[in-house]
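Work through the exercises below with the sequence and the 3D view open. Each task is followed by its solution.

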Amino acid sequence: MRSYMSVLAVILVAVFVLPLKAQKFAYVESQRILNEYQEYQDVQKQLEQLRNKYDAEYQQMVKEYNALLEEIDSQSLLLSPEKKQQKMQAAQDKAMQIEQYKYEKLGPEGEFYKKSMELTRPIIDKINKLIAKIGEEEGYDFIFDASSGALVHALPKYDLTDRVLEELNRGVSTSKK
């Protein structure tokens, strides 16, 4: 009985374990790559200068707005109601200009964001292409980003997207009938 179990164990190992090819995993630290890559650092300096320029312009506009409010406050007793109303309207217009400037220059879809994407996207693409090239050359099945936990390279044979879409679409076509 003991020899039978030993033979069975050897057969199971041969059938299930030997055919399995060990997958190769690796990781990169994208934040460290960006921190130490000179081309990226140069772009960051450019973006910092642009942001400082926008911030300075914004601060100047706020300073002018505050001066206008102080002027209205200090002269409120001397101004006619019409003149006071004009100055109040000017202050409101200035506040709207400030908000519009902030949105157009520094907002989520503003000029600074667009410039940042324009300058950094080619560098990110270059890094990703290099990671994929190294992955292919070195035979890595998967490469993860240690900084974010994201997958940055995988062999296409592990991509189940087409199969999932196929199954989903098959489900849609049968449910419509």
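**Exercise 1.** At what angle do helix α3 and helix α4 pack, and how far apart are their axes?

Solution. This is a predicted model, in which local features need pLDDT of at least 70, side-chain atom pairs count only at pLDDT 80 or more, and totals for chains, interfaces and linings use all residues. Residues are numbered from 1 along each chain as its sequence is written, and side-chain values use heavy atoms, with hydrogens and water left out.

Step 1: find α3 at residues 38–75 and α4 at residues 81–106. Helices are DSSP runs of H or I with at least four residues, and strands are runs of E with at least two, numbered from the N terminus.

Step 2: the angle is about 165 degrees and the axes are 10 Å apart. Axes are lines fitted to C-alpha atoms, for helices over the stretch in contact, and angles run from 0 to 180 degrees between N-to-C directions.

Step 3: α3 is therefore roughly antiparallel to α4, a term for angles over 145 degrees.

**Exercise 2.** Describe how α3 packs with α5.

Solution. Step 1: the angle is about 180 degrees, with the axes 10 Å apart. These two helices are therefore roughly antiparallel to each other.

Step 2: list residues in contact (heavy atoms within 4.5 Å). On α3 they include E39, Y40, L47 and Y54, and on α5 they include F112, L119, I123 and K126.

Step 3: sort the contact by class, which gives eight nonpolar, four polar and five charged residues. Ala, Val, Leu, Ile, Met, Phe, Trp, Tyr, Cys and Pro count as nonpolar, Asp, Glu, Lys and Arg as charged, and the others, Gly among them, as polar.

**Exercise 3.** Which element gives the most to the lining of the largest pocket?

Solution. Step 1: among the lining residues are A26, Y27, V28, K126, L130 and Y140. Lining residues have an atom within 4 Å of a pocket point.

Step 2: β1 (25–28) and α5 (111–138) each give two or more residues. The answer is α5, with five residues.

Step 3: by class, the lining has 11 nonpolar residues, no polar ones and one charged.

Technical notes
Parallel < 35°, antiparallel > 145°, perpendicular 65-115°, else oblique. 1 Å grid on protein atoms, 1.4 Å probe; cavity = no way out; pocket = protein on both sides within 12 Å on 5 of 7 lines; lining within 4 Å.
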